[in-house]
Amino acid sequence: QPLRSIASEKGLCYIGAAVNEAYFTQESYRATAAEQYNLVTAENSCKFGSIQPTRGEYNFQGCDSVLDFAVENGMQFRGHNFIWARFNPGWLEDGDFDSDELVKIMTDHINTVGSRYKNKTIAWDVVNEALNDDDYGLRDCIWHNITATESYTSYVDLAFTLARAADPQAKLFYNDYNVASSTGWSKGKSDAMFEMVKGMLERGVPIDGVGLQMHVGCGYDMFDGVRDNMSRYHEIGIEVHITELDLACEDKPEENKDCVWGDEAQEEQAETYASLLEICVESEACTNFETWGFTDEHTWLDEGTHPLPFDEEYEEKFAVKAMRDVLLNA
Ligand code: XIL
């Protein structure tokens, strides 16, 4: 039974995957995505650089085709993303704009893109990866040149306010990496993100959820910390999506002896996928379990890392069976 039908029959959570319209010509790619998943995100084509390559000239083609694919196949569509330090067009990165001009650019972009997909997306990643990895303050990027005013303490607040106005029904998310577990090596950034979100709520900034990217490895095991993190978000009324999960396993024994790709590594990977899905299903906060791609044939990670639930031939890996068991037993 496909993952999506078990999850939806039981009302568990969305089973999502990032897809790239460049591969829609491949029948096996389309068929597997449509059969197994009930939520998609465009890997790149809804990002600023794809959608507004020239100032004021919007190109919705790629983003639209992912939305169309979702609609054709009865899937939800998740918007990714409005504002990010990366994947910006040259005119924006090299523009040397002052604060007022940046506010105008942000306003135009979120208004235009948000209105186009109004009522068509369940959620938007409004701001992506704003926190830096040193002191977990706001990362140095073009948007950081927007000066705070009485109505917003940073560009992050402003972006969320604009997004709410453009599409009032979409749930508005803040999405980041190395923040899934509130314990261990990710505690610092995870705590900082939690405080940021709490502050936004206190200031009345419209935020509904957080995305935990989770580009982690095969042997990821900070499960208690992920569970705790989800429950503290639940306590403050914030929804959680796992947004970009992939579990890379290196194919290079000399670099990582514990991670030679084979049945053993595949089994470990499957257990990690299953444990995280179980945490999501059991958590009152978590409503979407999404991987960044779904087939090892098309991943943004290095070749030989086998990070996704389906192999290069679109056959189910152990991970799919393990995930199916979690859903069946839920
Ligand atoms: C990645 C895409 O997968 C790549 O194709 C692209 O070159 C760069 O962006 N965090 C995110 C995603 O929020 O948008 C990124 O996607 C992966 C890291």
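I count two residues as in contact if their C-beta atoms, placed from the backbone, lie within 7 Å.

**Ground rules.** This is a predicted model, so I keep local features only at pLDDT of at least 70 and side-chain atom pairs only at pLDDT 80 or more, while totals for chains, interfaces and linings use all residues. My residue numbers run from 1 along each chain as its sequence is written.

I started here, as UniProt puts an "active site" feature at E244, in an unreviewed entry. For such records, positions follow the numbering used here, feature names are shortened, and annotations may be inferred rather than shown by experiment. I found E244 in strand 8, residues 239-248; strands (E, at least two residues) and helices (H or I, at least four) are DSSP runs, numbered from the N terminus. Buried or exposed? E244 is buried because 24 other C-beta atoms lie within 10 Å; the cut-offs are 20 or more for buried, 12 or fewer for exposed and partly exposed in between, with C-beta atoms placed from the backbone. Skipping neighbours within four places in sequence, I list A18, Q213, M214, H215, E290 and W292 as contacts of E244.

**Ligand shell.** Which residues are around the ligand? I get E43, N44, N128, Q213, E244 and W300, taking a residue as near if its C-beta atom, placed from the backbone, lies within 6 Å of the molecule. By class, I log 1 nonpolar, 3 polar and 2 charged residues in this shell. My classes: Ala, Val, Leu, Ile, Met, Phe, Trp, Tyr, Cys and Pro are nonpolar, Asp, Glu, Lys and Arg are charged, and the others, Gly among them, are polar.

**Core.** The largest nonpolar core holds 98 residues, and V40, V126, A159, A163 and M323 touch the most other members. Such a core is a set of buried Ala, Val, Leu, Ile, Met, Phe, Trp, Tyr and Cys residues joined through C-beta atoms within 7 Å. I looked up A163: beyond four places in sequence, A163 contacts F82, I110, G114, W124, V126 and L172.

**Whole chain.** I count 11 helices and 9 strands. The radius of gyration is 19 Å, close to the 20 Å from the globule rule for 330 residues, so the protein is as compact as a globular protein of that length; the radius is over C-alpha atoms, and the rule is 2.2 Å times the number of residues to the power 0.38. Buried residues are 48% of the 330.

**S115.** I place S115 in helix 6, residues 99-116. S115 is exposed, because it has 11 other C-beta atoms within 10 Å.
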